[in-house]
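Please keep the structure open while reading.

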Amino acid sequence: MSISKAVLAFDRLEEGKPHGVEVNGEKIALVRLNDKVYAMEDRCSHEDYPLSAGWVNDGKLYCSLHGAQFDPATGKALTLPAYENVHTYPARVIDGTV
């Protein structure tokens with residue numbers, strides 16, 4: 001089942017800066033890259049630290065705790081100490097709202 005829910009005005013998302021939201025009890029990190037929005041679990045698979053507290057560089061989301069890198073589009077863990085991928089969610093912008 002697919003559930004759509006408006007969570008944030010698109011213009012509130014800064015390019016390359018993660019933003020944490022909660023949707024139906026799930027903590028999600030939103031990332032805006034090149035005017036696309038990606039949504040992924042807001043937790044590093046290394047120590048459950050919020051990825052929304054991190055930063056984006058060269059299209060990779062960095063965890064601010066230990067620097068693990070993730071691909072925002074796929075949730076793939078790209079470097080240690082992260083050892084597992086994180087779940088991603090479909091995200092889209094409709095009428096200026098994510």
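Arginine 32 has valine 37 in β3 as its bridge partner. The model behind this pairing is predicted. Strands β2 and β3 pair in the antiparallel sense, over six bridges. They form a hairpin with two residues between them.

**The turn**

Asparagine 34 lies in the loop between β2 and β3. Its phi is positive, about 50 degrees, although asparagine 34 is not a glycine. Is asparagine 34 buried or exposed? Asparagine 34 is exposed because its relative accessible area is 69%, and the cut-off for exposed is over 50%. Aspartate 35 is placed in the loop between β2 and β3 too. Aspartate 35 is not a glycine either, yet has a positive phi of about 65 degrees.

Strands of a sheet pair through backbone hydrogen bonds. Alanine 39 stands opposite tyrosine 89 in β7. Methionine 40 has threonine 88, also in β7, as its bridge partner.

**The three-stranded sheet**

Another open sheet has three strands in the order β4-β5-β6, again with antiparallel pairing. Its edge strands are β4 (55–57) and β6 (69–70). Each of these pairs on one side only. β4 and strand β5 (residues 60–62) pair over three bridges.

| Strand pair | Sense | Bridges |
|---|---|---|
| β2 and β3 | antiparallel | six |
| β4 and β5 | antiparallel | three |

**Tryptophan 55**

Tryptophan 55 lies in strand β4. It stands opposite tyrosine 62 in β5. Tryptophan 55 counts as partly exposed because its relative accessible area is 41%, which falls between the cut-offs of 20% and 50%. Leaving out residues up to four places away in sequence, tryptophan 55 touches Gly16, Pro18, Lys60, Leu61, Tyr62, Cys63 and Ser64. Histidine 19 is 36 residues from tryptophan 55 along the chain. The C-alpha atoms of the two are separated by 9.8 Å.

**The cores**

Which residues touch the most other members of the largest nonpolar core? They are Met40, Cys44, Leu51, Leu61, Ala68, Phe70 and Ala82, out of 14 residues in that core. Strand β2 (residues 26–33) gives the most to this core, with three residues. A second, separate core has 10 residues, including Phe10, Val23, Ala39 and Val98.

Not counting residues up to four places away in sequence, leucine 61 touches Pro18, Val31, Met40, Leu51, Trp55, Val56, Ala68, Gln69, Phe70 and Pro72. Pro18 is also on the contact list of tryptophan 55.

**A cis peptide bond**

Which two residues does a cis peptide bond join? They are leucine 80 and proline 81, with omega at about 10 degrees. Proline 81 lies in the loop between β6 and β7.

Conventions
Residues numbered from 1 in each chain as written. Predicted model: local features only at pLDDT ≥ 70, side-chain atom pairs only at ≥ 80, totals over all residues. Heavy atoms only, no water. Core = buried A, V, L, I, M, F, W, Y, C linked by side-chain atoms within 4.5 Å. Buried < 20%, exposed > 50% of the residue type's maximum accessible area, 1.4 Å probe, protein only. Helix = DSSP H or I, 4+ residues; strand = E, 2+ residues; numbered from the N terminus. Contact = heavy atoms within 4.5 Å. Pairing = 2+ DSSP bridges.
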